[in-house]
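Q: Please walk me through this structure, feature by feature. I would like to learn how to read each one.

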Amino acid sequence: MKKVAFFVEGPTEAFFIRSLLTELVTQQRIRFVECDLKGGSEGNPRVISILAEDILNPQQQYQINIYTCNADNHVNQDVIENIPTLQREGFTRVIALKDLRGDYKGIDGMMHAHVPTDYPQQKSIQSLIFRNSPILVTSIIAVMEIETWFLSETTHYERINSKLTQALITANRSSLVADPFVDDMEQVLKPAELLNDIYQLVRLNYSKKKSVRERTISKLDMAEIYFQLPDKLASLKELTQAIDSFL
């Protein structure tokens, strides 16, 4: 059985990864282990808890551990600290998925719509962190937030609400920082806020609340995300290439 570990910032990313892989691989062939990491402040060790674990069966070909790090700045360190254990347990691949919103202090006070110009340098730094790892680690940066990808999957809007059409969104372009049907969503500074602004056109909202984020992810076309959008989104292409390498 191939064993791959994903380390993600929060439950939004964890639910997205599970949903995406469930679409790609027959459920009987994949075993998910969902883990949660907390603690680590004031010298206390990080604690890993298993939230959910699929029962083993002979048909399974992949074990996917998803570690939710519950913090913007813990993903890389959690990967580094857990590499020895993962290696002993037979994991051959780690994918670290994070974004840069927490790395840019004061972002909530920024008024402009686009990502800071030093993003390429930030990305280069991330790629060097795991260069000496005994297990192959791929660092994926969903630019400012994973909602960048949700914004770009434009077919989902009408599944959220039948009135949330391209015509409606484009007609309200002047009140939005960007139009997902036209503009590059990887350049949006605050993707979650833009997603909320778009939903507000039909008096709905987007937030990190469990029922809300899972509603949005359940409406996404995962085939579109995996096979079409990577040609438009470099960050998503890195993720799909990493997944392709072990499937």
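**Reading the features**

Q: Let us start with one residue. Is Arg31 buried or exposed?
A: Arg31 is buried, and its relative accessible area is 7%. The cut-off matters here: a residue counts as buried because its value is under 20%. Keep in mind that this is a predicted model.

Q: With which residue does Arg31 meet in a salt bridge?
A: The general idea comes first. Side chains of opposite charge can pair when their charged atoms come close. Here the partner of Arg31 is Glu53, with 2.7 Å from N to O. Glu53 sits in strand S3 (residues 46–53) and Arg31 in strand S2, so this pair ties together parts that are 22 residues apart in sequence. Glu53 is partly exposed, at 45% relative accessible area.

Q: How many salt bridges does the structure hold?
A: The count is nine salt bridges. One of them joins Glu34 and Arg18, whose closest N and O atoms are 2.4 Å apart. Glu34 belongs to strand S2 (residues 30–39), while Arg18 belongs to helix H1 (residues 11–24), so the bridge ties together parts 16 residues apart in sequence. Glu34 counts as partly exposed, at 24% relative accessibility.

Q: Which residue pairs with Arg46?
A: Arg46 forms a salt bridge with Asp78, and the closest N and O atoms are 2.5 Å apart. This pair links distant parts of the chain. Arg46 is in strand S3 and Asp78 in helix H2 (residues 75–88), 32 residues apart. Both ends lie inside: Arg46 is buried at 19% relative accessible area, and Asp78 is buried at 1%.

Q: What about the phi of Arg203?
A: Arg203 has a positive phi too, near 60°, and is a residue other than glycine. Arg203 also lies in a loop, the one between helix H7 (191–200) and helix H8 (210–219). Arg203 counts as exposed, at 80% relative accessibility, whereas Val143 is buried.

Q: How do I read a helix such as H7? Which of its residues are buried?
A: List the buried residues, then look down the axis. In H7 the buried residues are Pro191, Ala192, Leu194, Leu195, Ile198 and Tyr199. Down the axis they fall within an arc of 160°, so they line one face of the helix.

Q: What covers the buried residues of H7?
A: The cover includes H4, helix H5 (157–160), helix H6 (166–171) and H8.

Q: How many disulfides does a search of the whole structure find?
A: A disulfide is a covalent bond between the sulfur atoms of two cysteines. The search finds zero disulfides here. Cys35 counts as buried, at 4% relative accessibility. Cys69 counts as buried as well, at 0%.

Q: Let us step back to the whole chain. How many helices and strands are there?
A: The chain has ten helices and six strands. Of its 247 residues, 48% are buried.

Q: How do I read the contacts in the chain? What share comes from residues 24 or more positions apart?
A: Start from the contacts with a separation of 6 or more. Residues 24 or more positions apart account for 72% of them.

Q: Last, the surface. What does the accessible surface of the chain come to?
A: The total is about 12000 Å². Carbon and sulfur atoms hold 50% of that surface.

Key:
Residues are numbered from 1 along each chain as its sequence is written. This is a predicted model: local features need pLDDT of at least 70, side-chain atom pairs count only at pLDDT 80 or more; totals for chains, interfaces and linings use all residues. Side-chain values use heavy atoms; hydrogens and water are left out. A salt bridge is a side-chain nitrogen of Lys or Arg within 4 Å of a carboxyl oxygen of Asp or Glu. Helices (H or I, at least four residues) and strands (E, at least two) are DSSP runs, numbered from the N terminus. Buried means under 20% relative accessible area, exposed over 50%, partly exposed in between (1.4 Å probe, protein chains only). The arc is that of the directions from the helix axis to the C-beta atoms. Contact means heavy atoms within 4.5 Å. A disulfide is a pair of cysteine sulfur atoms within 2.5 Å. Accessible areas come from the Shrake-Rupley method with a 1.4 Å probe; for residues, only the protein chains shown count as cover.
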